[in-house]
Amino acid sequence: MLSLLGAATASAFTLDDVTARARTLADRAYQAPVSNLPPAFSKMQFADYLRIQPRRDQFEWHDRDTPFRLAFYHQGMHFSTPVGINEVVDGQVHEIKYDPAKFDFGGMSFDANTTRNLGYAGFRVLYPINRDGVHDEIMSMLGASYFRVIGKGQVYGLSARGLALDTAWKDGMAEEFPRFREFWIERPKPQDRFLVIYALMDSPRATGAYRFVLRPGEDAVLDVESRVFLRGQINKLGVAPLTSMFLYGPNQGVRGNNFRPALHDSNGLAIHTGSGEWLWRPLNNPRTLSVSSFQVTDPKGFGLLQRGHEFSRYEDLADRYDLRPSAWIEPKGNWGPGKVELVEIPTADETNDNIVAFWTPDVVPPKGQPMRHDYRIHWTMNEPALIEKDVGWVKQTLRTDGEIRQANLIRHLDGSTALIVDFEGPVLARLSPDATVGAEVSVGDNAELIENVLQRNPAIQGWRLTLRVKVKDPKRPVEMRAALVEGKRALTETWSYQLPAR
């Protein structure tokens, strides 16, 4: 595949080069990619596609003095069009040409000529993150503008995207999925412990230029610079989108007879607003599509988190949900007025990503004017480190049928719903025994709050809040909020929960 850059240049390669291509692309009519797959690859099943694996002895840079390696995804199934992949060395651009010898085809039988005009569907980045000399995969770029990153001891969970367009805009209106059509990867120098990747994005209504700087570690850090140009009218623009899966958890209860107490890649949306407030929204798997918006000007951070990594929370040896990281977006500079939006889509199983979160600006610039959004993504399992030291956080949300204890001590279900919220953190553990801690609670007009009990939870050196509500109309959701305070001082983030409609 020919690079849109054409001939290599002697000057340094920068984001400006890709931005110029994105601007030129935006002025042209969109050309949809055309599949070049022969039937042997277009009709293969997922299990067959997984048999095609990169050969370790053919990893890119395996003979170079660098800890990084590249491996490529083969085309197949719905990965039907190639993406351009280039290497940048001292400012010079060289196409990394497709070579079937880089793959083990797992015993597949096909005419060698069928791969002659194929290409790569995406790539992997490998690095000795867990053991010296052993190159483990730490980043994946495959499909549309999706990418995933992990740190030490982590396994893949949620994904990030370059851009989201019209996600859950209106019933019946399809979401548009921009795709990265070409990449430029700087060959790292021997001393480099970071990797620089550029990407050109294209879609019917937007183009974009991206620069990624990947820094492996205990927590992986990915710095992102984006320059986006609009081709047409956008109803809802999703910046720094994250995509995850939530099937069930203790705030919704186990579905069916399942040994797993919880099954999810993320269990909540966290937001640090421009005004300094911290919010925690536990995720739901609703019966119908749910879209929630949180007005935030100049957000300081937001992300989909997997709070709680004890194995006992999941009990799954096969998929290790306890090792799946959170992704925290840290904007650079002021993003202006907008909102963080959470989309929750009903799903019957864990194979569907049904959770999306992103920031959407209130004002979109006119055609031809680039939108600049720079941010850092932390891929971490140390979620408490994301929160300021003087703020407590929600450890867990439990939902159960409401009950009252009768005079004979027998529990009686009264038709209400109870939510148990455990708060923890150093700020709570340090409180004196005689501290006067209260709970500020609000409940939407679709429910009546009939019980509000706050008590110490010595097991976690925190506090437990028990709320019991009677829902008025089960077909409508109920919004609830709660935070712990000492006098006028906020002690914790705000628990912002939606009791979904039945």
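**Burial, pairing and enclosed space**

Modeller: Strand β21 (residues 301-305) is mostly covered, five of its five residues being buried. Strands here are DSSP runs of E of at least two residues, and helices are DSSP runs of H or I of at least four residues, numbered from the N terminus. The model is predicted, so local features need pLDDT of at least 70 and side-chain atom pairs count only at pLDDT 80 or more, while totals for chains, interfaces and linings use all residues. Residues are numbered from 1 along each chain as its sequence is written, and side-chain values use heavy atoms, with hydrogens and water left out.

Biologist: What makes a residue buried, and which residues of β21 point each way?

Modeller: Buried means under 20% relative accessible area, exposed means over 50%, and partly exposed lies in between, with a 1.4 Å probe and protein chains only. Gly 301, Gly 303 and Leu 305 point one way from β21, whereas Phe 302 and Leu 304 point the other way, and all are buried. In a regular strand the side chains alternate between the two faces of the sheet.

Biologist: How do you know that β21 pairs with strand β18 (residues 268-272)?

Modeller: Two strands pair if DSSP finds at least two bridges between them. Five bridges join β18 to β21, and the two run antiparallel; Gly 268 has Leu 305 as its bridge partner in β21. With strand β22 (residues 326-332), β21 pairs in the antiparallel sense over three bridges, and there Gly 303 stands opposite Trp 328.

Biologist: Why is Asp 422 called buried?

Modeller: Asp 422 has a relative accessible area of 1%, and is therefore buried. Its place is in strand β27 (residues 411-424).

Biologist: What makes the approach of Asp 422 to Asn 457 a polar contact?

Modeller: A polar contact is a pair of N or O atoms within 3.5 Å; within protein, one must be able to donate a hydrogen and the other to accept it, and residues adjacent in sequence count only if both atoms are side-chain atoms. The side chains of Asp 422 and Asn 457 make such a contact at 3.2 Å. Contact in general means heavy atoms within 4.5 Å. Leaving aside neighbours within four places in sequence, the contacts of Asp 422 include Trp 393, Lys 395, Trp 463 and Arg 464.

Biologist: Why do Val 89, Lys 102 and Leu 484 count as buried?

Modeller: Val 89, in strand β3 (residues 84-89), has 17% relative accessibility and so counts as buried. Lys 102, in the loop between β4 (92-95) and β5 (103-104), counts as buried because its relative accessibility is 13%. Leu 484, in strand β31 (residues 478-486), stands at 0% and therefore counts as buried.

Biologist: What makes a space a cavity or a pocket?

Modeller: On a 1 Å grid over the protein atoms alone, a cavity is a set of points where a 1.4 Å probe fits but cannot get out, and a pocket is an open set with protein on both sides within 12 Å along at least five of seven lines; lining residues have an atom within 4 Å of a point. Grid points are joined across faces, edges and corners, and a volume is the space filled by probe spheres set on the points. The whole structure holds three cavities of 30 Å³ or more. The largest cavity has about 70 Å³ of space, and its lining includes Arg 399, Thr 417 and Val 471. The largest pocket holds about 1,500 Å³ and is lined by 44 residues, with Phe 46, His 78, Phe 79, Leu 142 and Arg 148 nearest its centre. β7 gives the most to that lining, with four residues.
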